[in-house]
Amino acid sequence: MFPGPPNYEDVQTGDTPEPSYVLKLHDPICLSGDEAADPSKYFQYVQLVSGQDMDEQFRHLLHQDVTVHLTDAMAAITGHHHEPLVATVTSVSIAQAKPMEFTDEYGTAATTIQAFYDALGAAQGTVASAMVIPEKRSTPAFSPSNITRFYGGLADPIRVVSIAQENDSTFIVNYHYATKSHACNGRATVTTTVRGGRNFIQSIHALNGC
């Protein structure tokens, strides 16, 4: 929610609210070939311009990894441009995670994540829970008995489809499982931490409610 006229400073002091969707790029970029841009300055945010139909898609994809096709990109030149780059969206979709090669997992927390999901698939609650930080092992989501009960009752055991590393401690995991009534193609952000030289799962945040 950006401030618009008359002062373009603060909606809480009377400026007109200008809601907009912003794309955070995976890596910073610079902009050249536009006289209004400074090619020496790097930025990571793009203000998206779209129609009402596209806004509906944005609402469902908020805070997710996406692939966006853009056109009419231009450097910010007016008070209505709230990020360094403004561009029109022609299409947007969920990004496909690039799976890590097996050897890429060596020396990373991805091996712990893979072991955790393998244990879920085998309904080994004690083994899976041991991969989680100790203070969360008694919570309903990570208790050994609950893990064994839920994952042992699946019609199609959970399995990892891909693991993609975002940074040293954050990974995007795509997985599949099925209950007796529905199938789940899930996607989650898994955050890890190091304790005593060993990797543990700190949190798991489902990205698509599955």
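Predicted model: local features only at pLDDT ≥ 70, side-chain atom pairs only at ≥ 80, totals over all residues.

I started with F200, which comes out buried at 8% relative accessibility. My cut-offs: buried is under 20% relative accessible area, exposed is over 50%, and partly exposed is in between, with a 1.4 Å probe and protein chains only. Residues are numbered from 1 along each chain as its sequence is written, and side-chain values use heavy atoms, with hydrogens and water left out.

Where does F200 lie? I find F200 in strand β10. Helices (H or I, at least four residues) and strands (E, at least two) are DSSP runs, numbered from the N terminus.

Next I listed what F200 touches, counting heavy atoms within 4.5 Å as contact. Leaving aside neighbours within four places in sequence, the partners of F200 include T112, M131, I133, R137 and T192. I also checked A109: 91 residues from F200 in sequence, yet the C-alpha atoms are 7.6 Å apart.

Then the sheet. I get an open sheet of four strands, ordered β7-β8-β9-β10, with antiparallel pairing; two strands pair if DSSP finds at least two bridges between them. Strands β7 (156-165) and β10 are at the edges with a single partner strand each, so one side of each has no neighbour in the sheet. From one strand to the next, the twist averages 30 degrees. Axes here are lines fitted to C-alpha atoms, for helices over the stretch in contact, and angles run from 0 to 180 degrees between N-to-C directions.

I zoomed in on β7 and β8 (residues 170-178), which pair antiparallel over seven bridges. In that pairing I163 stands opposite V173 in β8. Helix α2 (residues 110-121) packs on the sheet and touches β7, β8, β9 and β10. The direction of α2 makes about 170 degrees with that of β7.

How many disulfides does a search of the whole structure find? I get one, taking a disulfide as a pair of cysteine sulfur atoms within 2.5 Å. The disulfide joins C184 to C210, S to S 1.5 Å. C184 sits in strand β9 (residues 183-195) and C210 in the segment after β10 (198-206), so the pair ties together parts 26 residues apart in sequence. C184 is buried at 0% relative accessibility, whereas C210 is partly exposed at 22%. I looked up C30 too: partly exposed, with a relative accessible area of 33%.
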